[in-house]
Amino acid sequence: MYKNYSVIFTQRQKAELIASDFCESPASDEIIGQTIVSVISNGSETGGFMGYGGSDGNYPCETGYANILKVLETGSDVTDIRPGDYVFSLTSHKLYNRASAKDVFLVPVDFPPEKAALCRFPAVSMTAFLKSSIKPTESVMVCGLGIVGLMCAQTMQHCGYHVYAIDPNEKRLETARSCGLKYVASGIDTFDLQPKSIGLAIDCSGNDNAILSMIPYIRQMGDLALVGVPWRCTSEVSAHELLRQIFYSYLHVYSGWEWSLPRRPGEFDPNSNMRSMETALRWIIEDSIHTDGIYELFDPGDCGTLYPAIAAGQLEKPCAIFDWRRLKI
């Protein structure tokens, strides 16, 4: 039996580290692992923490996004993963987790686990451009340079696109430049772009005005992908103005929600979230996607102060990561 610890949203705008017993054994197709690090999604988890998605009746609730686990036990049917291996997992912020062996993949034991866990973020926006018909011969625009937008812009640039990256926050712009992004600015006007000169615009901000500001620069029959979650109304922009511009520009508008791709590849559909994350991990290991200086490690016991800081936009780095090696138990 293990003593487990979980980050729980016990009520709206309150996070606590809760202890419980963990005495489970893996099913035949499962692994059980001890969490080394777990990354926080500033967007998705802040929505749950702030209660943007519904009533207070949703609490208490677990939270989490992506982890690196050290495997402790494996089920009888698991043959390609062994105790002592490190695996990437989409499990909760817990000291001990269980997962289907089909839903994890091996990561190098000698590679920093906090960097390996970041492969979750490029995969979010990879869904958007995998759906797009726009090729690297055209320019693209990424709006919002939080951790998802930062990874999106890097991924697009690595794949050969000419990327214009935009965010009003100067700290985010400095981080983007340090990651090697070539065209970074606080506003679209800075680039002196011609109207209708962009093939694909990806919004990673979820901001109404940001989305509307990109549309005049997207060519006719171009693509607009909405990756940032529109948790709440952020402006007085009317739906009429948005729809009018979409209509007369003949735009293809689609959701960039990553789970519109299947979790695993199939015989006739090689693209999947798991493949995107494994590919992103390879690019991070190769340093084709830069991760130095973009995250900060925290003790999970600090969750009660960390989530309010994230919600208030007070973090110095784009990404916060729970380091379970720091847990004082």
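Reader: Which residues of helix H3 are buried?

Author: This is a predicted model, and a residue is called buried in it when its relative accessible area is under 20%. By that cut-off the buried residues of H3 are Arg120, Phe121, Pro122, Ala123, Val124, Ser125, Met126, Thr127, Ala128 and Phe129. That makes 10 of its 12 residues, and H3 is accordingly described as mostly covered.

Reader: How many bridges join strand E12 to strand E13?

Author: Pairing is followed through bridges, and each bridge can be looked up as a pair of residues. Strand E12 (residues 198-203) and strand E13 (residues 218-226) run parallel and are joined by five bridges. Alanine 201 has leucine 224 in E13 as its bridge partner, while leucine 200 stands opposite aspartate 223 in E13. Strand E9 (residues 139-143) also pairs with E12 in the parallel sense, over four bridges, and there the bridge partner of valine 142 is isoleucine 202 in E12. As for its cover, E12 has six of its six residues buried.

Reader: How many residues does helix H4 have, and what distance does it reach from its first C-alpha to its last?

Author: A helix can be checked by setting its span beside the span expected for its number of residues. Helix H4 (residues 147-158) has 12 residues and reaches 16 Å, close to the 16 Å expected at 1.5 Å a residue. Since 10 of these 12 residues are buried, H4 is largely enclosed by the rest of the structure; among them are Ile147, Val148, Gly149, Leu150 and Met151. After H4 comes glycine 160, whose phi is positive, near 100 degrees.

Reader: Which pairing does the open sheet of three strands have, parallel or antiparallel?

Author: That sheet, with the order E2-E1-E4, has antiparallel pairing. Its edge strands are strand E2 (14-22) and strand E4 (61-62), each of which pairs on one side only. Strand E1 (residues 2-11) pairs with E2 over nine bridges, and phenylalanine 9 stands opposite alanine 15 in E2. Helix H9 packs on this sheet, where it touches E1 and E2, and its direction makes about 140 degrees with that of E2.

Reader: What covers the buried residues of helix H1?

Author: The cover includes E1, E2, strand E3 (30-39) and H9. The buried residues in question, in helix H1 (residues 42-50), are Glu45, Thr46, Gly47, Phe49 and Met50. H1 is followed by glycine 51, whose phi is positive, near 80 degrees.

Reader: Where is aspartate 302 placed?

Author: Aspartate 302 is in the loop between strand E15 (295-298) and helix H9 (303-311). Its relative accessibility is 37%, so aspartate 302 counts as partly exposed. Distance in sequence and distance in space should be read separately: aspartate 302 and glutamate 16 are 286 residues apart in sequence, yet 8.5 Å apart in space, C-alpha to C-alpha.

Reader: How many helices and strands does the chain have?

Author: The secondary structure comes to nine helices and 16 strands. The radius of gyration of the chain is 20 Å, close to the 20 Å that the globule rule gives for 329 residues, so the chain is as compact as a globular protein of that length. Buried residues make up 52% of those 329 residues. Of the contacts with a separation of 6 or more, 69% are between residues 24 or more positions apart.

Note on methods. Residues numbered from 1 in each chain as written. Predicted model: local features only at pLDDT ≥ 70, side-chain atom pairs only at ≥ 80, totals over all residues. Heavy atoms only, no water. Helix = DSSP H or I, 4+ residues; strand = E, 2+ residues; numbered from the N terminus. Expected span 1.5 Å × (residues − 1). Buried < 20%, exposed > 50% of the residue type's maximum accessible area, 1.4 Å probe, protein only. Pairing = 2+ DSSP bridges. Rg over C-alpha atoms; globule rule 2.2 N^0.38 Å. Contact = heavy atoms within 4.5 Å. Axes fitted to C-alpha atoms, helices over the stretch in contact; angles between N-to-C directions.
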